[in-house]
Amino acid sequence: MEEKLDTKLTIKKELKTMPITEPEKRDIVRKALLDMMICRKCYARNPPGATKCRRCRSTRLRPKRKERAG
Ligand SMILES: [Zn+2]
């Protein structure tokens, strides 16, 4: 009984402090960060599909993605 509770607590602690170690998850996070749209006016970050800035409603968004062709 006590052992079980202890394990539960440990898992809870680990979840709180655990960095993203799984490569798949890390890739998703990195991709999400790179796919962001940055507002040219107020530099707010917008979701990848955004056409308008959620902060100043400007349509002058640029992708943050840095692609290296070749
Ligand atoms: Zn903006």
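Two strands are taken as paired if DSSP finds at least two bridges between them, and helices (H or I, at least four residues) and strands (E, at least two) are DSSP runs numbered from the N terminus. With these terms in hand, the sheet can be described: 3 strands form an open sheet in the order β2-β1-β3, with antiparallel pairing. In this sheet β2 (45-46) and β3 (61-63) are the edge strands, and each has a single partner, so one side of each is left without a neighbour in the sheet.

The structure is a predicted model, in which local features need pLDDT of at least 70 and side-chain atom pairs count only at pLDDT 80 or more, while totals for chains, interfaces and linings use all residues. Residues are numbered from 1 along each chain as its sequence is written.

The secondary structure comes to 2 helices and 3 strands, and from the N terminus on the elements follow the order α-α-β-β-β. The predictor's confidence in each residue is given by pLDDT, on a scale from 0 to 100. Averaged over the chain, pLDDT is 81, and 84% of the residues score at least 70. Among the elements, the lowest mean pLDDT (72) belongs to helix α1 (residues 2-17), and the highest (93) to β1.

Contacts are pairs of residues whose C-beta atoms, placed from the backbone, lie within 7 Å. Of the contacts between residues at least 6 apart in sequence, 22% join residues at least 24 apart.

Strand β1 (residues 37-39) is joined to β3 by 3 bridges, and the two run antiparallel. Across from Ile38 stands Arg62 in β3. Strand β1 also holds Cys39, which counts as buried because it has 21 C-beta neighbours inside 10 Å. Leaving aside neighbours within four places in sequence, the contacts of Cys39 are Ala44, Asn46, Cys53, Arg55, Cys56, Ser58, Arg60 and Leu61. One of these, Arg55, is 16 residues from Cys39 in sequence, with a C-alpha to C-alpha distance of 8.8 Å.

Ser58, another of the contacts of Cys39, sits in the loop between β2 and β3. With 14 C-beta neighbours inside 10 Å, Ser58 is partly exposed. Not counting residues up to four places away in sequence, Ser58 touches Cys39, Lys41 and Cys53.

Most residues other than glycine have a negative phi. Tyr43, however, has a positive phi near 65 degrees, and Arg57, which is not a glycine either, has a positive phi of about 65 degrees. Tyr43 lies in the loop between β1 and β2, whereas Arg57 lies in the loop between β2 and β3. Tyr43 counts as exposed because it has 10 C-beta neighbours inside 10 Å; Arg57 is exposed too, with 10 other C-beta atoms within 10 Å.

How values were computed. Two residues are in contact if their C-beta atoms, placed from the backbone, lie within 7 Å. A residue is buried if 20 or more other C-beta atoms lie within 10 Å of its own, exposed if 12 or fewer, and partly exposed in between; C-beta atoms are placed from the backbone.
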